[in-house]
Amino acid sequence: MFFSLMISGLASSLPPVSTLFATFLGENPIQHLLGPTLAHLSAVQRDTLTGFGFSPGLVSGPFHHGLAIVFGVATAMALISAVASALRGRHQRTDEPPLPTAKGRQWRRAPSS
């Protein structure tokens with residue numbers, strides 16, 4: 001229990017971006033974080049903490065949660081902008097003569113792309 005509290009306290013002092021990128025690049029931030037403390041652990045604990053699965057497993061949940069939030073917000077913003085664009089109506093250009101409409105307003109054609 002004390003050991004996990006010590007690791008969480010030390011890990012919280014690390015910059016999150018450097019920890020995340022170190023994990024993606026194959027470096028083990030836990031090994032660098034604990035440094036000389038690893039000598040006081042048993043071989044099983046040392047192998048677990050410095051293995052290839054501990055650090056990526058530690059950050060994968062929060063990283064997935066962050067990506068879900070970012071993509072959800074981006075989707076909502078795209079939908080809001082699409083609705084705002086649709087409600088704006090047609091564009092009026094100044095370089096073409098206006099076209100008469102049924103309501104008597106003068107609208108110009110938007111260029112087709």
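Colleague: What percentage of the residues of the protein chain count as buried?

Modeller: This is a predicted model, and in it 14% of the 113 residues of the protein chain count as buried, a label that requires a relative accessible area under 20%.

Colleague: Why is valine 17 called exposed?

Modeller: Valine 17, which has its place in helix H2, has a relative accessible area of 52%, and the word exposed applies over 50%, so valine 17 is exposed.

Colleague: What makes up the nonpolar patch on the surface?

Modeller: The patch is formed by Val17, Phe21, Phe24, Leu25, Phe63, Leu67 and Phe71, which together have about 740 Å² of accessible area; helix H2 (16-24) and helix H5 (54-88) each contribute at least two of the residues.

Colleague: Which secondary structure elements does the protein chain have?

Modeller: The protein chain has 5 helices and 2 strands, and along the sequence they follow the pattern α-α-α-α-α-β-β.

Colleague: Which elements have the lowest and the highest mean pLDDT?

Modeller: Among the elements of the protein chain, strand E2 (residues 106-107) has the lowest mean pLDDT, 56, whereas H5 has the highest, 90. For the protein chain the mean is 76, with 69% of the residues reaching 70 or more.

Colleague: Why does a low value call for care?

Modeller: Where pLDDT is low, the predicted coordinates should not be read in detail.

Note on methods:
Residues are numbered from 1 along each chain as its sequence is written. This is a predicted model: local features need pLDDT of at least 70, side-chain atom pairs count only at pLDDT 80 or more; totals for chains, interfaces and linings use all residues. Side-chain values use heavy atoms; hydrogens and water are left out. Helices (H or I, at least four residues) and strands (E, at least two) are DSSP runs, numbered from the N terminus. Buried means under 20% relative accessible area, exposed over 50%, partly exposed in between (1.4 Å probe, protein chains only). Patches are made of residues with over 30% relative accessible area and no salt bridge: like charges are joined within 9 Å, nonpolar side chains (Val, Leu, Ile, Met, Phe, Trp, Tyr) within 5 Å. Accessible areas come from the Shrake-Rupley method with a 1.4 Å probe; for residues, only the protein chains shown count as cover. A salt bridge is a side-chain nitrogen of Lys or Arg within 4 Å of a carboxyl oxygen of Asp or Glu. pLDDT is the predictor's confidence in each residue, from 0 to 100.
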